[in-house]
Amino acid sequence: MVDSGIFTLYLEGARIGEERFIIRRERAGSAGFVLRAGAELNLKLDGSTMRVSVALETVGPSYRPLRYESEINGAAATTIVGTLSRDRIRLDVRSPRGDEMKEFLVPEEVVLLDKYVAHHYFFASKLLAAERSVAASVIVPRDRNQQAVRIVDQGVEPVSIGSAELELGHITIVSQTGPTHHVWLDGDRVMKVEVPEHAFLAVRSENGDSTN
């Protein structure tokens, strides 16, 4: 077990739901290791409720995404499957608008950050390794887009999480064309995510935190 827990999710200051996630690590022969992450999200957006299931598999010390699956239930039921083939990630999407396919050419440092999914930022933080900053590519499957970003270590600062005041590491994910993402971590554990331009906030729940 790498991490598991619950995030409470907010949009424009209002609670929109929660995310229950788990991340596991397994040996993968010559590839080193595989991380398998999954989550269930219950969301209420624009007056509609939806349940979202996501699963991500990464391989090796660069945490390269091998496969991603997302199933969105609700009025606009959508299934997204992402697969890595050499230097490309292919997204196959099935939605009420029909089927579509999109491919992204990806560099060595790439991370999937899907909308409203907080535990994905664990993988973004791991790309830093011992560096203070690193260039990377971010793919947002639900939006079907890709951005070049720089992930930057901003040091340690005090942050309130529930009733606790913690000293947390702060990283930013900065793009020339998109919003800046702020992530606060306790070691490897994502504790808080904020995207001010999108008015999105995710905070780890005190009663849903468990790590081995």
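Modeller: What follows sets the labels against their cut-offs, and the model throughout is a predicted one.

Colleague: Why is the contact between R51 and E40 called a salt bridge?

Modeller: The closest N and O atoms of R51 and E40 are 3.4 Å apart, and the cut-off between a side-chain nitrogen of Lys or Arg and a carboxyl oxygen of Asp or Glu is 4 Å, so the pair qualifies.

Colleague: What makes D143 and K115 a salt bridge?

Modeller: Their closest N and O atoms are 3.9 Å apart, which is within the 4 Å cut-off, and so the pair is counted. This pair links distant parts of the chain, with D143 in the loop between β10 (133–140) and β11 (145–161) and K115 in the loop between β9 (110–112) and α1 (121–126), 28 residues apart. D143, with a relative accessible area of 39%, is partly exposed, and K115, with 31%, is partly exposed too.

Colleague: Which residues do salt bridges with shared partners join into one network?

Modeller: That network consists of R15, E18 and R20. A search of the whole structure finds 15 salt bridges, among them the one in which the side chains of R90 and D92 meet at 3.0 Å, N to O. R90 is partly exposed at 35% relative accessibility, and D92 is partly exposed at 28%.

Colleague: Why is the contact between the side chains of E26 and R36 called polar?

Modeller: The contact between these two side chains is given as 2.3 Å, and the limit for a pair of N or O atoms is 3.5 Å, so the distance meets the criterion. The residues are 10 apart in sequence and 7.9 Å apart in space, C-alpha to C-alpha. E26 lies in strand β2 (residues 14–27) and is partly exposed at 35% relative accessibility; leaving out residues up to four places away in sequence, E26 touches F33, V34 and R36.

Colleague: How do you know whether S137 is buried or exposed?

Modeller: Its relative accessible area is 5%, and buried means under 20%, so S137 is buried. S137 is found in strand β10, and its side chain makes a polar contact with the side chain of Q146 at 2.8 Å. Beyond four places in sequence, the residues that S137 touches are P107, E109, V110, V111, Q146 and Q147.

Colleague: What makes a group of residues a nonpolar core?

Modeller: The members must be buried residues of the nonpolar kinds, joined through side-chain atoms within 4.5 Å. The largest such core has 54 residues, and those with the most contacts inside it are L41, L43, F123, I151 and I173. The largest share of this core, 7 residues, comes from β3. I173 is in contact with residues including L113, Y121, A124, V138, V149, I151 and V183, its neighbours within four places in sequence being left aside. A second, separate core of 6 residues includes V159, L168, W184 and M191. In soluble globular proteins, nonpolar side chains tend to be buried together.

Note on methods: Residues numbered from 1 in each chain as written. Predicted model: local features only at pLDDT ≥ 70, side-chain atom pairs only at ≥ 80, totals over all residues. Heavy atoms only, no water. Buried < 20%, exposed > 50% of the residue type's maximum accessible area, 1.4 Å probe, protein only. Helix = DSSP H or I, 4+ residues; strand = E, 2+ residues; numbered from the N terminus. Contact = heavy atoms within 4.5 Å. Polar contact = N/O pair within 3.5 Å; in protein donor to acceptor, adjacent residues only side chain to side chain.
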